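Morning, everyone. Let me put the model up, and then we'll walk through it.

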Amino acid sequence: MSLTDWIVLAVTLLIIIGYGVYKSRGTKNLDQYLVGGRSLPWYHIGLSVMATQASAITFLSAPGLAYSDGMRFVQFYFGLPLAMIVLCITFVPIFHKLKVYTAYEYLEQRFDLKTRALTAFLFLLQRGLSTGITIYAPSIILSAILQINVVYTTLFIGTLVIVYTVYGGTKAVSYTQMLQMSIIFAGMFLAGVVVVNLLPHGVGFKNSLQLAGKLNRINIIDWHFDPKNQYNVWSGIIGGFFLQLSYFGTDQSQVGRYLTGSSVGQSRLGLLMNAMIKIPMQFLILLIGVLVFSFYQFNPPPLFFNRNEVKQIKASAYAGQYQKLEAAYANAARQKKIKANALVNALNSGNNNAVDAAQTQLQQVQTQTDTLRKKGMALMKQNNALAEVNDTNYVFLSFVTKYLPKGLVGLLIAIVFLASMGSTASALNSLASTTVIDIYKRVINKNATDQNYVTASRLATVFWGIICLLMALYAGQLGNLLEAVNKLGSYIYGTILGVFVVAFYLKHIKGHAVFIAALITEAVVVYCGWKEVVAYLWLNALGCILLVVIASIINPFIKQGTVQVEQDV
Amino acid sequence: MTPDRQDLPKFIKSWNQFYGIIIVWLVFLIFIFWLITTLLK
């Protein structure tokens, strides 16, 4: 990176964090610290909700996925608008009416303490473990791209987030996220424009899309239903609906965002803004990946995009074999450029026969390059069984640092840092609020002063920040456990959603039945996930439906020992 | 007008109408994506 890029990176980060800290000054009581005094307008909520969901990996993975697999990933989000509607109708008015700080607080009012404690515990377990990965995943990519030790990138991201989240609480998180998302939108748009301009003379936006389409990268819609494939319309709408409803309705890192709304209407508008923007936003991010793919039809891509892995194999006994593959790949890339130009000319001439012939020839070269890439990856595995042979996350940043103009590189690297910090800040804030509200205030110290709870919240943020930072620093040594941590959310969300569905819609079911049903459901879901019975996207639907069915069946047989305090909602 | 309704944009009469618009928007997006997929195959 050039000096200009470093300056752009530093100034962007400083301005955003400075703004968040400035706007959150004077945060004194618990209401201000945990829910921003319930005073924020809809656009704050909308952008904050989006920033919480969009981790750095969203901006790194999605273009890389489009590059290697096409745009079908966008279907994953088709259930989101429907989930937002259900949230607006049910969850938002209830949480606002009861003025809760956490989603789990409501469950004690509806059921009992043990159900509240169980869901809060499941959330702390899942979010506490996964937040370390939220920091680690972009850190390792940035370290490879910037050629900096991963410990420094991890410490840099982690420490900055802890400092401003501890200082300003929810308000600092929300204000920084608002600016973050604005800069992310602007940066990604600029990147898209620059990619189109980098295409060879005579190849425009339309041609690049046609080219990608002919190579099966514009595979946005797949109507074929397959429970083992999560990227089709039906998995996206049904499986995605349950996943998004679980995430936005029961994960405190999201609930905490829309609890900051100044009214039910403002929270609803924020969520509906997300419902309208999320899919087009994902589409545009994937489109950038497709444009990068088209760009690489005319320019030679590296055989493998992760420079650290390439460095390792070149220092090993397999270096000679790898370099031969690189030479063959470069030769194939030259062929590809010729065939791609032929296809563009055929497309412009409108001659269908010529288009078909050119398409077949280009596809043949594409198959050749794919095979060479697979051989390269196999070589890496032979050299080191633990080698990371999926370079999807490296495609976009590798392209950015090599081809984008000075200044824009710094801005796009800043976007990765910002996205990572945005989702981490929400996670730390939600971990702290659940720890203080559902454990400290409820069980340990019921009658303390407001100031005591604010101090406890700050300490809890520091505590979780350190835990997550340690997780991030040691994530590289977790091996297969890392994958398990990534899947943990799918194992847990469905069960928690089921508990909330029973709470909202099945008033006759009591606490004991729900608690037992939750334990049974959790065991079944973990088993199904472990044995890969269905794609993980379906685990949320399975967990939710199973819990509702089990709770309904066992409820008449279970005697409720405690007095219930039911809310008429 | 209830306080809840006051938050709505002026051109939308009720929350249910807004939810309907979101569903229409989703259907529209899926249709456009299907069209792009088909045309660029």
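In which hand, left or right, does α8(A) pass α17(A)? The crossing is left-handed, meaning the near helix is turned anticlockwise from the far one by less than a right angle; clockwise would be right-handed.

Some ground rules. This is a predicted model: local features need pLDDT of at least 70, side-chain atom pairs count only at pLDDT 80 or more, and totals for chains, interfaces and linings use all residues. Residues are numbered from 1 along each chain as its sequence is written, with chains lettered from A and ligands numbered from 1 in the order in which they are written.

Back to the helices (DSSP runs of H or I, at least four residues, numbered from the N terminus). Helix α8 of chain A covers residues 150-198. Its axis and that of α17(A) come within 6 Å and cross at roughly 140°. Axes are lines fitted to C-alpha atoms over the stretch in contact, with angles from 0 to 180 degrees between N-to-C directions.

Next, the largest nonpolar core. That term means buried Ala, Val, Leu, Ile, Met, Phe, Trp, Tyr and Cys residues joined through C-beta atoms within 7 Å. Buried means 20 or more other C-beta atoms within 10 Å of a residue's own, C-beta atoms being placed from the backbone. The core has 192 residues, and Leu286(A) and Val292(A) touch the most other members. Helix α17 of chain A, residues 408-444, gives the most, with 19 residues.

Finally, chain B. It has two helices and zero strands (strands are E runs of at least two). Its C-alpha trace spans about 50 × 15 × 10 Å along its principal axes. Of its 41 residues, 10% count as buried.

Methods:
Buried ≥ 20, exposed ≤ 12 C-beta atoms within 10 Å, placed from the backbone.
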